[in-house]
Amino acid sequence: MKVLILGGTSEASALAKALSEHDMPAVFSYAGRVAAPKPQPLPTRVGGFGGVAGLAAFLMEQRITHLVDATHPFAEQMSRHALAAAERCGVAVIALSRPPWAPALGDRWQRVSGIEAAVAALYGPSQRILLAIGRMHLAAFAARPQHHYVLRLVDRPEAPPPLPQHRLTIDRGPFTLEGDLALLQAHGIERIVAKNAGGQGAVSKLTAARHLGLPVVMIERPALPRRREVHSVKAVLAWLAHGAAPGVERGV
């Protein structure tokens with residue numbers, strides 16, 4: 001048995017630690033979008049694979065028997081490639097994902113289906129908006145130039161985002177309620193745009209928004225093909241221990 005973890009999340013890091021403690025042969029893969037990724041207790045590679053064909057070649061070369069997709073819930077392309085490459089190579093595959101966030105009493109969510117819909121939701125007069133969506137889709141919000149955007153990013157971008165009014169805040173989670181309340185109040189934030197990533201590391205901004213009565217434009221997760229999916233490291237270990245076989249049947 002040899003496992004490939006497609007990582008980048010706290011869940012992926014927890015799984016890497018567990019596999020290392022069990023002396024299970026495994027490789028950890030980062031997409032390479034963060035300048036200083038967290039060190040892992042496993043052999044680690046950084047960067048893309050070159051599509052489905054490249055990932056399939058890697059699985060064969062490394063004699064990978066089990067693939068764990070523990071990427072971000074919005075890493076749609078990588079998740080699709082993982083399923084296709086695993087099927088091509090006869091490798092068992094499972095997704096280690098976070099349950100999505102659900103609105104609580106007092107939340108003011110506007111659910112939207114993607115980035116374009118989030119941009120469309122920001123019609124109207126100027127507001128101060130926290131964009132908590134990462135760096136990949138910032139340029140899309142240039143279509144709403146009337147707003148002042150506060151951008152929370154892990155790394156400082158190489159080039160300034162094409163937003164006429166913006167301010168950067170460089171920080172890495174997990175975040176706290178106290179910190180996010182201070183951030184929202186210091187910048188006079190009137191609305192938040194967020195991806196429904198789930199988990200505990202970034203949920204505090206939603207709790208802070210609830211405390212302050214702020215509306216949230218919530219971008220829902222992309223739809224993926226049927227796949228076997230669990231929500232805990234323990235469940236992945238049980239899957240590995242019980243002779244996981246290739247397939248995409250969904251389970252919890």
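Guide: Two strands pair if DSSP finds at least two bridges between them; strands (E, at least two residues) and helices (H or I, at least four) are DSSP runs numbered from the N terminus. The model is predicted, so local features need pLDDT of at least 70 and side-chain atom pairs pLDDT 80 or more, while totals for chains, interfaces and linings use all residues. Residues are numbered from 1 along each chain as its sequence is written, and side-chain values use heavy atoms, without hydrogens and water.

Strand 8 (residues 148-153) contains Arg152, whose partner Asp180 lies in helix 5 (residues 177-186), 28 residues apart. Asp180 and Arg152 form a salt bridge with closest N and O atoms 2.6 Å apart; the term denotes a side-chain nitrogen of Lys or Arg within 4 Å of a carboxyl oxygen of Asp or Glu. Both residues are buried, that is, under 20% relative accessible area (1.4 Å probe, protein chains only), with exposed over 50% and partly exposed in between.

Another salt bridge joins Asp107 to Arg210, at 2.8 Å between the closest N and O atoms. Asp107 occupies the loop between strand 5 (92-96) and strand 6, and Arg210 belongs to helix 6 (residues 204-212), 103 residues apart. Asp107 counts as buried because its relative accessibility is 17%, whereas Arg210, at 29%, counts as partly exposed.
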